[in-house]
Amino acid sequence: MNKIICYGDSNTYGWDPSNLWGTPYRFPWPTVLANGLGVETVNMGEPGRCIPVSCGMDNLNALLEKHAPVDLVIVMLGTNDILNAMGAGISRIVDRMDQLLVNLSGQNVLLIEIPPATTGNGMIDEAVPRVNEEFKKLAQLRNVRFLSLEGVNIPLAFDGIHLTEVAHANLANHIISAIKE
């Protein structure tokens with residue numbers, strides 16, 4: 001394996017919510033992953049990113065072409081979709097992920113479930129495991145590897161959404177173990 005694309009939102013980017021300037025943590029999980037595997041890892045995390053549709057797919061395809069050849073595409077998305085839908089649009093979120101996985105057919109894809117949320121908003125916090133269950137089914141349907149975060153220590157920042165730097169390290173180590181299996 002030579003190159004991994006990590007495609008996600010602020011939790012892939014490494015957003016540090018305590019930093020007003022939007023500076024990422026020094027070691028977001030894609031960086032820890034690169035160091036742990038000794039491969040080139042491209043962090044395509046973007047704060048605020050939702051699961052792309054139409055023109056967003058074109059941008060993703062262009063990025064994949066730019067970085068070709070790519071050995072693995074890791075996708076961790078859905079948090080912003082839940083936040084924007086306020087827990088009411090689960091079927092829409094699942095449909096978008098299905099479109100994304102179809103768009104990525106032909107790529108080696110690892111779909112990571114959405115990290116848990118502890119926002120205090122029941123609709124959001126309860127939507128995450130429901131969406132993750134549907135993502136797991138989609139991964140099976142689309143013949144994509146799915147990585148559960150069950151049993152992984154994923155401490156969240158004060159906002160209940162963003163990963164701490166410890167969570168980034170733990171997530172990266174969990175991904176490394178899954179890749180090496």
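What percentage of the 181 residues of the protein count as buried?

1. In this predicted model, 52% of the 181 residues count as buried. The protein exposes about 8,600 Å², and carbon and sulfur atoms supply 50% of that area.

2. The secondary structure comes to 7 helices and 5 strands, which follow one another along the sequence in the pattern β-α-α-β-α-β-α-α-β-α-β-α. The radius of gyration is 15 Å, close to the 16 Å that the globule rule gives for 181 residues, so the protein is as compact as a globular protein of that length. Taken along the principal axes, the box that the C-alpha atoms fill is roughly 40 × 35 × 30 Å.

3. The 5 strands form an open sheet with parallel pairing, in the order 2-1-3-4-5. Strand 2 (40–45) and strand 5 (145–147) are the edge strands, each of them pairing on one side only, and the twist from one strand to the next averages 20°.

4. Within this sheet, strand 1 (residues 3–8) pairs with strand 3 (residues 72–76) in the parallel sense over 5 bridges, and Ile4 stands opposite Leu72 in strand 3. Helix 7 (residues 165–180) packs on the sheet, where it touches strand 1, strand 3, strand 4 (109–112) and strand 5; the direction of helix 7 makes about 145° with that of strand 5.

Note on methods:
Residues numbered from 1 in each chain as written. Predicted model: local features only at pLDDT ≥ 70, side-chain atom pairs only at ≥ 80, totals over all residues. Heavy atoms only, no water. Pairing = 2+ DSSP bridges. Helix = DSSP H or I, 4+ residues; strand = E, 2+ residues; numbered from the N terminus. Axes fitted to C-alpha atoms, helices over the stretch in contact; angles between N-to-C directions. Contact = heavy atoms within 4.5 Å. Rg over C-alpha atoms; globule rule 2.2 N^0.38 Å. Buried < 20%, exposed > 50% of the residue type's maximum accessible area, 1.4 Å probe, protein only. Areas by Shrake-Rupley, 256 points an atom, 1.4 Å probe, with all protein chains shown as cover.
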